[in-house]
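The sequence and the model are shown first, and a description follows.

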Amino acid sequence: MLLGLLGIAGAGQVPAAHDAAATQRSDETTLKQLLKERPAGVQVRSRHAALDRLLTAGDPAADSGHDKTVFDKEYDKAYNREIYSKTYEKTYQKS
Amino acid sequence: MVFRFLLVKLAARCNINCSYCYWFRDRSVYDLPKVLAPEVETKLLERLKTHCSRHRLASFCVAFHGGEPLLFGKARMRALCARLAEVERETGTRIRKSITTNGLLLDREWVELLRESGTSVTLSLDGSRAQHDARRVDFRGEGTYERVVAALGLLRTAGIEPGILAVCDPLGRPEELLAAFADRLGIREFDVLVPDATHEDRVPSIRAYFTRLFDLWLDEYSQRGVRIRFLDNLLRASLGRESSTEAIGYGPISTLTMLSDGSLEPLDVLRIAGGAAARSAYNVLEHELQEVQHDPAWREAHQASLNLCATCNACEFHDACGGGYLPSRWSAARRYDNPSVYCEDLKGLFRHVWQRAAPTLYVARQ
C-alpha cells in the first residue's frame, strides 16, 4: 500500500500543489503511516518551508534536557541556529 | 533510564510574585532552605562525579533553577561553576549548564559570570509590557517588564541571546505577544507555555489562543525565521517526530529535580499537585542520584508517563500528545489516571495542525 505513493516525487523534486492536494485527499492514512514508520528510501516533505525544515531536521539529542523551562542550547545550536537563523538573517538583512 | 539532566533548585524563594507560579502553590516549599545548603552542594558534586563516571556519560546537563536562582549569589555561583569544571576534568563528562531566571538581579558582573562559565540563559518574559506586567509583578505589586527588558539588553551586550519563556494568557491576544517579541524586541526563539494546571483547577480553554498563534506563526512569522518551541513540538509530534520537551508527546519523564535541602524528586511542576505527588524519601546527602528511581513517588510519576489512561489509549493522538504534560493529568481522586485537563483543547489543536499541514505534504524518494 505504501508503494503507491513512492512515485510522486524524486529527491529534490517538489510536486505541483494540485498533486499534493490529491495525494492528501486520496490517502491521508498512508501519509500518516509513512510519517510514523519512516520507511527507508522515502521521506515525507512539505511545500511549506518551515514545515519542511521540521521534517528534515534530526530529532533532539537523546541527552538533551527535556524540561520545558529550559532552552537547550546544544540542541538549538544544531537545530535552530543552523536552520531558523539563516531564514531570520536573510529576512532582517533585507529590511 | 540513566539520568542525564538535573534541575538544581539553587533557591527555594523568589524576588517577585507572579500570579500563576507553580512553585509556590505548594506552601511546603517555604520549609526548605532559602538557598542550596553548602553541605548539599558538596555532596551533590561528589554524587555527580560518581554518576558520570559509573555511567560513562559523554555529557550531563545541570539546569540552575528556583524560585529565583540568582538569589544564590555571585560568589557561590562562581565557586559552584569552578567545582563543576573540576567534575568535568576528572570524569571526562562534559557538564552543560543552563539557568532559568526572571532577570531582575542580572547586572554586568552576573552576565560576565554566566558568559565565562558557558551557562545558557533562559529568561522569563510574558510578551508586551501590558501582558507581562499584568501577571509578573514584584512584592509591591509593580510590573517588572522594564527591568527584564534591561536584563535582556545586558545579556545581548555580552553576546548572549537567551531563550525566552512566556506563559500563555488564554484570554490574551497572541498578535500582541508576537509583535512585542519578534517585531519590537527582535526575539527569534521563544516558548509560550501552557499554564500549569491539574484537574483540581478550573482552567480557561487554551484552544482559541494557540490556534490563532499557530496560524499567525505558520502564515507569517515562521517565514521570518521565528521559532516558537511549543508550536515546533506540536508540529513535530503531529508529524511523527520527537518532541524536545516533556510538555508534549509520548515518552517517559526524564527530569530529575534536586531541592535546596538535597531532596531528589521527579518533575518539579508536580508541586502543583501538592507536595505529596512529588516528595520522595531520597536525598543526595544519603543516596546516589540514580537511586531515586526506587522511590514510590518517582516510580508512580515515571510509570504514569508511560502508562496512559483508557481515554488516551483509545485516542487517535495518543503518540503525538502522550497524554499531555504529566502534572496536567493529576486529580486527587484518580491521581494520574486521567487525560490532560486540557484534553479537548489539545485534540482540537492537533486536528487544526494536521488540517493546515497535510495539504502541504508530499512523498519524496531519498
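## Chain A and chain B in outline

Of the 95 residues that make up chain A, 31% count as buried. The model described here is a predicted one. The secondary structure of chain A consists of four helices and one strand, and from the N terminus on these elements follow the order α-α-β-α-α. Among the contacts in chain A between residues at least 6 apart in sequence, 33% join residues at least 24 apart.

Chain B contains an open sheet of nine strands with mixed pairing, in the order S7-S6-S5-S4-S3-S2-S1-S8-S9. Strands S7 (227-228) and S9 (264-265) of chain B stand at the edges; each has a single partner strand, so one side of each is left without a neighbour in the sheet. Within this sheet, strand S1 (residues 5-9) and strand S2 (residues 59-65) of chain B run parallel and are joined by five bridges. In one of these pairings, B:Lys9 has B:His65 of S2(B) as its bridge partner.

The axes of helix H2 (residues 74-91) and helix H3 (residues 108-117) of chain B come within 11 Å and cross at roughly 5°. Because angles under 35 degrees count as roughly parallel, H2(B) is roughly parallel to H3(B). On the side of H2(B), the contact is made by B:Lys74, B:Met77, B:Arg78 and B:Cys81, and on the side of H3(B) by B:Glu109, B:Trp110, B:Leu113 and B:Ser117. The residues of this contact comprise four nonpolar, one polar and three charged.

B:Gly118 and B:Tyr282 are 164 residues apart along the chain, and their C-alpha atoms are separated by 30 Å. B:Leu308 and B:Ser328 lie 20 residues apart in sequence and 13 Å apart in space, C-alpha to C-alpha. Leaving aside residues up to four places away in sequence, B:Leu308 touches B:Asn313, B:His318 and B:Gly323.

Definitions and conventions: Residues are numbered from 1 along each chain as its sequence is written. Chains are lettered from A and ligands numbered from 1 in the order in which they are written. This is a predicted model: local features need pLDDT of at least 70, side-chain atom pairs count only at pLDDT 80 or more; totals for chains, interfaces and linings use all residues. Two strands pair if DSSP finds at least two bridges between them. Helices (H or I, at least four residues) and strands (E, at least two) are DSSP runs, numbered from the N terminus. A residue is buried if 20 or more other C-beta atoms lie within 10 Å of its own, exposed if 12 or fewer, and partly exposed in between; C-beta atoms are placed from the backbone. Two residues are in contact if their C-beta atoms, placed from the backbone, lie within 7 Å. Axes are lines fitted to C-alpha atoms, for helices over the stretch in contact, and angles run from 0 to 180 degrees between N-to-C directions. Angles under 35 degrees count as roughly parallel, over 145 as roughly antiparallel, 65 to 115 as roughly perpendicular and the rest as oblique. Ala, Val, Leu, Ile, Met, Phe, Trp, Tyr, Cys and Pro count as nonpolar, Asp, Glu, Lys and Arg as charged, and the others, Gly among them, as polar.
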